[in-house]
Amino acid sequence: MPIPTEVTIRRARLDDHAQACRLLDSLDELHRAGAPWMFKEPSAQPRPRSSFADLLNSDDSAVFVADAGQLVGVAYGFMRAAPDFPVFVRQRWGVLDGIVVDPAWRRRGIGKLLTHAIEAWALDLGARWVELNVYEFNRDARDFYESLGYLPVSTKLRKPGPDGA
């Protein structure tokens, strides 16, 4: 079967659940390998269909997919608001919480298109910015995000306990 060259970025549908989970499971595997003290192999699918449906139906979350006849990428995000505390500026922002592109489809601009889809969605909802978290072990992801204009905001430090975790 020839590989389609056209990729469509669109909002996910509930029938995308299984294919989206396949892609996101590979992201989970990357995180387990890079931070085994934090991530473990789940005993069941960590993203049940009902949770996926909740992401699709909430006004404050979005899932976008890259469709090439099969899903080759997925990204999801959330809207967040500043705490109701006098020192914070009252505002909302978007969070790109997860993104993954099938390895066979990387370096074709799909990750960039998925990122832009989350950004546009968040900005349309009044976000002042879009942020994300990237683990230090994932240098490729950090380089990718920086190439799209993302800049460091803070540094999170961690001191392992006596058991090394």
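The side chains of R10 and D67 are joined by a polar contact of 3.0 Å, a polar contact being a pair of N or O atoms within 3.5 Å, of which, within protein, one must be able to donate a hydrogen and the other to accept it, while residues adjacent in sequence count only if both atoms are side-chain atoms. The model is predicted, so that local features need pLDDT of at least 70 and side-chain atom pairs count only at pLDDT 80 or more, whereas totals for chains, interfaces and linings use all residues. Residues are numbered from 1 along each chain as its sequence is written, and side-chain values use heavy atoms, with hydrogens and water left out.

R10 belongs to strand β1 (helices, H or I, of at least four residues and strands, E, of at least two are DSSP runs numbered from the N terminus). Because its relative accessibility is 14%, R10 counts as buried (under 20% relative accessible area, with exposed over 50% and partly exposed in between, for a 1.4 Å probe and protein chains only). Beyond its neighbours within four places in sequence, R10 is in contact (heavy atoms within 4.5 Å) with D16, V63, F64, V65, D67 and L71.

The five strands form an open sheet of mixed pairing in the order β1-β2-β3-β4-β5, where two strands pair if DSSP finds at least two bridges between them. At the edges are β1 (8-11) and β5 (130-132), each of which pairs on one side only. Strands β3 and β4 pair in the antiparallel sense over nine bridges, and G77 has L96 as its bridge partner in β4.

| Helix | Residues | Angle to β3 |
|---|---|---|
| α1 | 17-34 | about 80 degrees |
| α3 | 110-124 | about 30 degrees |

Helix α1 lies across β3 and β4, while α3 packs on the sheet and touches β1, β2, β3, β4 and β5.

Terms used
Axes are lines fitted to C-alpha atoms, for helices over the stretch in contact, and angles run from 0 to 180 degrees between N-to-C directions.
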